[in-house]
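Please take me through this structure in the viewer, one selection at a time. Tell me what to pick and what is there.

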Amino acid sequence: MSAFYTGVFKRDLTLAFRQKAELLQPLMFLVLVVSLFPIGVGPAPEILQVIGPGVIWVAAILSSLMGMERLFRDDFHDGSLEQLMLSGMNLNLVVAVKIFVHWLVSAVPLLILSPLLAMFLHMTFDMYIALLMTLLLGTPLISMVGAIAVGLTVGVNRGGVLLALLLIPVFIPLLIFATSAVDSAALQLPYLSQLAIIAAMLLLAVAFSPFAITYSLKVSQN
Amino acid sequence: MSGLSASQLTCIKRDRVLFKALSLQVSKGDLLYLRGPNGAGKTSLLRILTGLSLPEEGDVVFDGVSIFSSHSNYTEKLVYLGHKSALNPALSAVENLHFWAAQHRVSIKTANLYEVLDTLGLVGLEEVPVKFLSAGQQRRVALSRLWLKTAELWVLDEPFTALDVEGVSLLEKLFANHCAAGGMIITTSHQALSSMAGKYRTYDLEYNL
């Protein structure tokens, strides 16, 4: 257990706080992009409420892509990943812990900032609760599915754009159900079914993504 | 059969056959010195011998169990140091080694860590982020893993790179001690090993077009 706790969890947390700029930049990007919309399309609440859920979710996906690479990039380039693979630890669990840390340092600050973003876009309280629920279920999904693509592109130089091209289409279903949930909340309609679908996607990712990521990392080593 | 034996290994990279039907055997107390020109496949061979890459054909067996099988405890008996140092530049030497030791289930006290770094001539640099160390000092930090983990087999890719004369002789003495104690070493190097490293066998890889 201490191998996972000290060797992976504590290590990645230490590194994340050592490289604060890499943590803060995607968050700043998110806040700035969302704040551009009230300026760009005007402060009328009716318009902002209509575009709000979509804007926040698109910005969240784009900003998560910016920080996604640091999940495995440094470990791959400095050789730490080789040492991890030769440590005898279960690589699926290692990957799961790494993703959890990544989610903690990238998505949790986003969740904390979300009331501010909702205020920028004149969301009602009901809409905000729906948004929070979709972010809570959707951000781990982004981290897990994103990690598969990071594993595949980690050996490619300047894989950042490739990563975005691979992942953006994959996140379309998530975007559809997440924004639809918030729209339903705006109309005082139940949105449990949309949340259930996102939760189902999340559970599927929890079950399968560690294996896919492990495999993709092994392929990258070859 | 104890020791490491590779049989009928074939490695193909980008349609080029690096080596074909390669077999080698390392027994207790052996130091195998792998030679060959750039691009001959030394690193590829070492990565196959550690299990990081899969050979196109052939098998590697350690103490009678294939290293590619799922119930092999090969990694417990192995230290591999590639030409990448596996040190995160933002972490200090002590942090890097502390986390590495945890991953490899090596229990060491921080005092021991300082002792090992002391042996390697890194006094006063233990808490400095690795990116501020010179190439040779970084190599010394990477090599300190040989002192930390007790493993039978060492697989080392160019361990002498960037080391000064003193560092080279320190490492060669360590090689001799390890082999005398029944350990096994497979290493590549472009500079010849001196007599301090003890007896060794050479294995030459040729460059095939």
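This is a predicted model: local features need pLDDT of at least 70, side-chain atom pairs count only at pLDDT 80 or more; totals for chains, interfaces and linings use all residues.

Glu158(B) sits in the loop that links strand 7 (153-156) and helix 6 (165-180) of chain B. Check its backbone: phi of Glu158(B) is positive, about 50°, although the residue is not a glycine. Most residues other than glycine have a negative phi. Now count neighbours. Glu158(B) has 18 C-beta neighbours inside 10 Å, so it counts as partly exposed; buried would take 20 or more.

Next, select Ala86(B). Ala86(B) lies in the loop between strand 6 (78-81) and helix 2 (93-103) of chain B. Its phi is also positive, near 60°, in a residue other than glycine. Buried or exposed, with Ala86(B) at 21 C-beta neighbours inside 10 Å? Ala86(B) counts as buried, because the cut-off is 20 or more.

Move to the sheet of chain B. Four strands form an open sheet here, in the order 2-1-4-5, with antiparallel pairing. Strand 2 (16-26) and strand 5 (65-66) of chain B stand at the edges. Each has a single partner strand, so one side of each has no neighbour in the sheet.

Now highlight strand 1 (residues 4-13) and strand 4 (residues 57-62) of chain B. They pair in the antiparallel sense over five bridges. Pick Ser7(B) to see a bridge: its partner in strand 4 of chain B is Asp59(B).

Last stop: helix 1 (residues 42-50) of chain B. Which strands does helix 1 of chain B lie across? Strand 1, strand 2 and strand 4 of chain B. Helix 1 runs at about 130° to strand 1 of chain B.

Conventions
Residues are numbered from 1 along each chain as its sequence is written. Chains are lettered from A and ligands numbered from 1 in the order in which they are written. Two strands pair if DSSP finds at least two bridges between them. Helices (H or I, at least four residues) and strands (E, at least two) are DSSP runs, numbered from the N terminus. Two residues are in contact if their C-beta atoms, placed from the backbone, lie within 7 Å. Axes are lines fitted to C-alpha atoms, for helices over the stretch in contact, and angles run from 0 to 180 degrees between N-to-C directions. A residue is buried if 20 or more other C-beta atoms lie within 10 Å of its own, exposed if 12 or fewer, and partly exposed in between; C-beta atoms are placed from the backbone.
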